Amino acid sequence: MRNIQSQMKKGFILLFCFTLVFGYAQKREVQKPNYKKIEKKIKKEGSDYYYPMLLDRFIKADTTLTLEQKRCLYYGFTFQSLYSPYGDVKYKDSIRVVMKKEELDISDYEKIILFSDSALIENPFDLDALNYLLYCHDFLQNSKELDKTVAKFRIVFEAILSSGTGETLKDPYYVISVDHEYMLLKIFGYYSVSQSLIGTCDYLKLEPNEDNIEGLYFDVTPSFKYLNNLFK
């Protein structure tokens, strides 16, 4: 059996291939999310942006969602009761216990899938859980579920990449969780050397790379609002 480390690498290789799909996003017009307008749109029952409908389509990995629907889906999650930028660690802890093994058998991969699916019930945008599913379904040759997982990643990252370029403080990527910053780096093949906070933006300084990008900016406003509400 292949060990979990090599399988994780395979998952990231698959993710890295997404850059071929998303490369054009760096050249197209981008628009930062207007959270107030999004909140209003997703509350309107019967509309194409009604949140329960969008979330159901996402869970089913509906590839026909428009870009605006993807944006309302992703950023609109911050207005849902399930939203937490830090997630629930209990399922990830269970996964880590399984991953401590030197080699995994089929039942171990099935356990990781079970824990990941449980994590996604509480947070549909838990990208770590999606990534676990990515390499587990690939290893077990569950082609249908693998395709669905890939489709969900694309939905999320098309929304993020439509929000900015990440190149300047005035044009950051907008994310609803700090974890999403680091997953995006992995997809691009970048590695951060430091993190600093500038207002509501994280700045990740990068190791030298072929694109000569010194660092990327990420607006994490929803995370700040979540914390402020906790301490009210």
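## Sheet and helix pair

Four strands form an open sheet in the order S1-S4-S3-S2, with mixed pairing. Strand S1 (173-174) and strand S2 (192-198) are the edges, and each pairs on one side only. The model is predicted.

| Strand pair | Sense | Bridges |
|---|---|---|
| S2 and S3 | antiparallel | six bridges |
| S3 (residues 201-206) and S4 (residues 215-219) | antiparallel | five bridges |

The hairpin of S2 and S3 has two residues between the strands. There, Gly199 takes a positive phi near 65°.

Next, the helices. Two packed helices are described by the angle between their axes and the distance between the axes. For helix H7 (residues 106-122) and helix H8 (residues 127-139), the axes come within 9 Å. They cross at roughly 150°. Angles over 145 degrees count as roughly antiparallel, and H7 and H8 are therefore roughly antiparallel to each other. The crossing of H7 past H8 is left-handed.

Which residues of H7 and H8 meet? From H7 come Tyr109, Ile112, Ile113, Ser116, Asp117, Ala119 and Leu120. From H8 come Ala129, Leu130, Tyr132, Leu133, Cys136, His137 and Phe139. By class, this contact of H7 with H8 has 11 nonpolar, two polar and one charged residues.

Key:
Residues are numbered from 1 along each chain as its sequence is written. This is a predicted model: local features need pLDDT of at least 70, side-chain atom pairs count only at pLDDT 80 or more; totals for chains, interfaces and linings use all residues. Side-chain values use heavy atoms; hydrogens and water are left out. Two strands pair if DSSP finds at least two bridges between them. Axes are lines fitted to C-alpha atoms, for helices over the stretch in contact, and angles run from 0 to 180 degrees between N-to-C directions. Angles under 35 degrees count as roughly parallel, over 145 as roughly antiparallel, 65 to 115 as roughly perpendicular and the rest as oblique. A crossing is left-handed if the near helix is turned anticlockwise from the far one by less than a right angle, and right-handed if clockwise. Contact means heavy atoms within 4.5 Å. Ala, Val, Leu, Ile, Met, Phe, Trp, Tyr, Cys and Pro count as nonpolar, Asp, Glu, Lys and Arg as charged, and the others, Gly among them, as polar.
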